[in-house]
Amino acid sequence: MTTGAQTPLPPARPKRSRLRTFLPLGVAAWLVLEIWLLTLVAGATSGLVVFLALLAGLVAGSVVIKRAGRRAFRKLSEALQQQQSGVMPDAGRSGSEGNGLMMLGGLLLMILGLASDAVGLLLLLPPVQKLVSRSAERTFERKLREARPGTLGGAFQQARMHQPDGKVVQGEVIRDKPGDTPQPPRPPLTH
């Protein structure tokens, strides 16, 4: 039976991001590459050589992560001591730049596989760290500029532009549409 009313359309699904589409494919390709490299090296040498290479990557990665963590903790302690003594910590990131990339390189060394070891070793080189750091910073800034209002990126952009002083004002936003009748006041918000 038709009443003449249109049937409501189902809500449109949001467009799937490229990351959600290609990340599983990238992980699967990475695993296939790792297994292929391990079998290739094991066939050319022996299983013992592959085992020793993986063990060396595990040990080297743990040493790198421990060293980068200690360096980051030392920088944090120095900054806190400077702040407590009344001296503002240096705004420049000289010396602390690359701790995160060093830890990522160490983590990639710890992951079993030869391709991840090669990428981890590359991330330990200072020129590569600077290149990756600059590229990531430019990408992050571009994404912030392109962010639409109402998204998480928009919230970061708004917080960065307005720099709120930390005061919280509770309230509610009510938007009146043209032609709406005025509504009575609502009760106050409570915790």
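User: Where is Leu55 placed?
Analyst: Leu55 sits in helix 2, which covers residues 47-84. Helices (H or I, at least four residues) and strands (E, at least two) are DSSP runs, numbered from the N terminus. This is a predicted model, where local features need pLDDT of at least 70, side-chain atom pairs count only at pLDDT 80 or more, and totals for chains, interfaces and linings use all residues. Residues are numbered from 1 along each chain as its sequence is written, and side-chain values use heavy atoms, leaving out hydrogens and water.

User: Why is Leu55 called partly exposed?
Analyst: Its relative accessible area is 40%. Buried means under 20%, exposed means over 50%, and partly exposed is in between (1.4 Å probe, protein chains only), so Leu55 counts as partly exposed.

User: Which residues make the nonpolar surface patch?
Analyst: Leu48, Phe51, Leu52, Leu55, Leu58, Val59 and Val63 make a patch of about 650 Å². A patch takes residues with over 30% relative accessible area and no salt bridge, and it joins nonpolar side chains (Val, Leu, Ile, Met, Phe, Trp, Tyr) within 5 Å, or like charges within 9 Å. The 40% of Leu55 is over 30%, so that part of the rule is met.

User: What does Asp117 touch, leaving out residues up to four places away in sequence?
Analyst: Asp117 touches Ala53, Gly57, Leu108, Leu109 and Ile111; contact means heavy atoms within 4.5 Å.

User: How many helices and strands does the protein have?
Analyst: There are six helices and zero strands, and buried residues make up 14% of the 191 residues.

User: Which residues does UniProt list as "transmembrane region"?
Analyst: The unreviewed entry lists residues 21-42, 48-65 and 101-125. In this model, residues 21-42 are 100% helix, with end C-alpha atoms 33 Å apart. Residues 48-65 are also 100% helix, with their ends 26 Å apart.

Note on methods:
Accessible areas come from the Shrake-Rupley method with a 1.4 Å probe; for residues, only the protein chains shown count as cover. A salt bridge is a side-chain nitrogen of Lys or Arg within 4 Å of a carboxyl oxygen of Asp or Glu. UniProt positions are given in the numbering used here, feature names are shortened, and annotations may be inferred rather than shown by experiment.
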